Amino acid sequence: MADTKIQIAEVGYYPDHPQGPYRLIQENLDEMIESFTQDVVIDFDHATEYAFLNPGTAKAAGWIKSVSSEDGKLWANVEWNPSGASAIDEREYRYLSPVIDFDQMDWETGYLTGCNLRSVALTNTPAMEGMKPLFNSATLGVYAGVSAQTILNSRGATANAGQSSPSTKTPAKRTQNSMSNERAGFWNRFTKTAKLNTAVADDVDVLAETQHLVSRAETAEAKLAEAHATMATLEAEKAEMAAKIATFEAAQEAATQAAATAQATEIDTILNSAVTDGRIVDASKPDWKSRFEADFEGAKTLLNSIPARGKLPATRVNAPQGRMANSKPSKYVQYAKGE
């Protein structure tokens with residue numbers, strides 16, 4: 001069977017794809033060309049994408065032998081199987097719908113290879129809006145590069161040249177069957193993603209553990225900073241308390257000194273008054289001062305018990321001869337004299 005050249009993709013923005021809007025750029029076309037290493041299947045209604053759900057149904061309508069880019073379009077050289085050529089000729093299928101992996105991984109190297117053309121489907125509800133019909137007498141030469149008769153002769157059939165061409169308008173809405181096909185294709189891609197997740201599970205675990213350790217370290221640093229702040233507060237409170245204690249001790253010392261000075265002044269006043277009243281002599285003041293410093297209240301009581309006699313002489317008065325000369329002085333005189 002003769003090869004035919006058909007357009008399978010075009011640069012542009014496609015907002016209505018079932019899996020979400022996407023944009024196809026020239027770089028994507030170049031990546032699909034570069035990653036093309038073996039024949040790519042053209043199936044019916046994306047059967048390859050959900051073959052795991054219906055084994056034995058993913059039959060090939062043809063095979064893409066090579067791809068090229070021209071004027072923002074991706075072209076494929078196709079070798080049609082009889083079933084594919086017949087489906088196009090009988091107008092059972094009118095459009096192509098490519099399946100493109102935008103983040104294809106090389107399973108041997110683990111590196112992403114960019115866009116990859118995984119398969120192409122004959123469909124009547126293409127996800128890529130604006131695709132022209134495959135079999136149209138007005139455009140067949142552009143898409144196939146050969147006449148319809150050439151395709152049909154290769155499988156022993158004859159074209160109906162008089163048959164009118166169907167409308168080239170793209171359906172506005174996809175059928176429920178097409179939507180199911182797209183979801184099935186998505187599930188197939190999901191299972192491949194699951195394999196990728198399994199392949200990198202160890203790295204994910206290591207990353208999670210690293211993130212956990214980082215989180216714990218950050219928590220520890222926060223607690224350490226909080227502890228430092230608390231310690232600084234306690235140090236400030238300790239310094240404040242030490243200052244208050246120093247102030248209190250200084251005040252206490254000053255009060256003690258003031259009390260001692262006041263008491264010494266009071267003792268001097270009491271003793272001077274006692275000398276004036278004749279209760280003690282001036283020479284006994286040091287002894288009385290010691291008594292007062294040792295027991296202020298006791299010394300004061302004792303001193304007050306001595307009757308006032310007027311100021312006494314500084315020396316002992318000689319007693320007259322006779323009986324009085326041999327008598328002992330009274331205890332008050334002895335206290336007054338400090339004896």
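This is a predicted model: local features need pLDDT of at least 70, side-chain atom pairs count only at pLDDT 80 or more; totals for chains, interfaces and linings use all residues.
Me: What makes up the chain in terms of helices and strands?
Reply: The chain has 10 helices and 8 strands. Of its 339 residues, 30% count as buried.

Me: Why is S284 called buried?
Reply: The relative accessibility of S284 is 4%. Buried means under 20%, so S284 counts as buried. S284 lies in the loop between α6 and α7, and its side chain reaches the backbone oxygen of V281 at 2.8 Å.

Me: Why does D45 count as buried?
Reply: D45 has a relative accessibility of 18%. The cut-off for buried is under 20%, so D45 counts as buried. D45 is in the loop between β4 and β5 (60-70).

Me: What makes D71 exposed?
Reply: The relative accessible area of D71 is 71%. Exposed means over 50%, so D71 is exposed. D71 is placed in the loop between β5 and β6 (73-80).

Me: What is noted about phi in D45 and in D71?
Reply: D45 has a positive phi of about 55 degrees and is not a glycine. Phi of D71 is near 55 degrees, again a positive value in a residue other than glycine. Most residues other than glycine have a negative phi.

Me: Why is D39 called partly exposed?
Reply: D39 has a relative accessible area of 34%. Buried is under 20% and exposed is over 50%, with partly exposed in between, so D39 is partly exposed. D39 lies in the loop between α1 (26-35) and β4 (40-44).

Me: How do you know that the side chains of D39 and K65 make a polar contact?
Reply: The distance for this pair of side chains is 2.5 Å. A polar contact needs a pair of N or O atoms within 3.5 Å, one able to donate a hydrogen and the other to accept it. The pair D39 and K65 is therefore counted as a polar contact. Leaving aside neighbours within four places in sequence, D39 is in contact with W63, I64 and K65.

Me: How far apart are D39 and R118 in sequence and in space?
Reply: D39 and R118 are 79 residues apart in sequence, and their C-alpha atoms are 10.0 Å apart.

Me: Which residues of helix α8 are buried?
Reply: In α8 (residues 296-304), F296, A299 and L303 are buried. Seen down the axis of α8, the buried residues fall within an arc of 70 degrees, so they line one face of the helix. On the other side of α8, E297 and T301 are exposed.

Me: What covers the buried residues of α8?
Reply: The cover includes α6 (201-277) and α7 (285-294).

Definitions and conventions. Residues are numbered from 1 along each chain as its sequence is written. Side-chain values use heavy atoms; hydrogens and water are left out. Helices (H or I, at least four residues) and strands (E, at least two) are DSSP runs, numbered from the N terminus. Buried means under 20% relative accessible area, exposed over 50%, partly exposed in between (1.4 Å probe, protein chains only). The arc is that of the directions from the helix axis to the C-beta atoms. Contact means heavy atoms within 4.5 Å.
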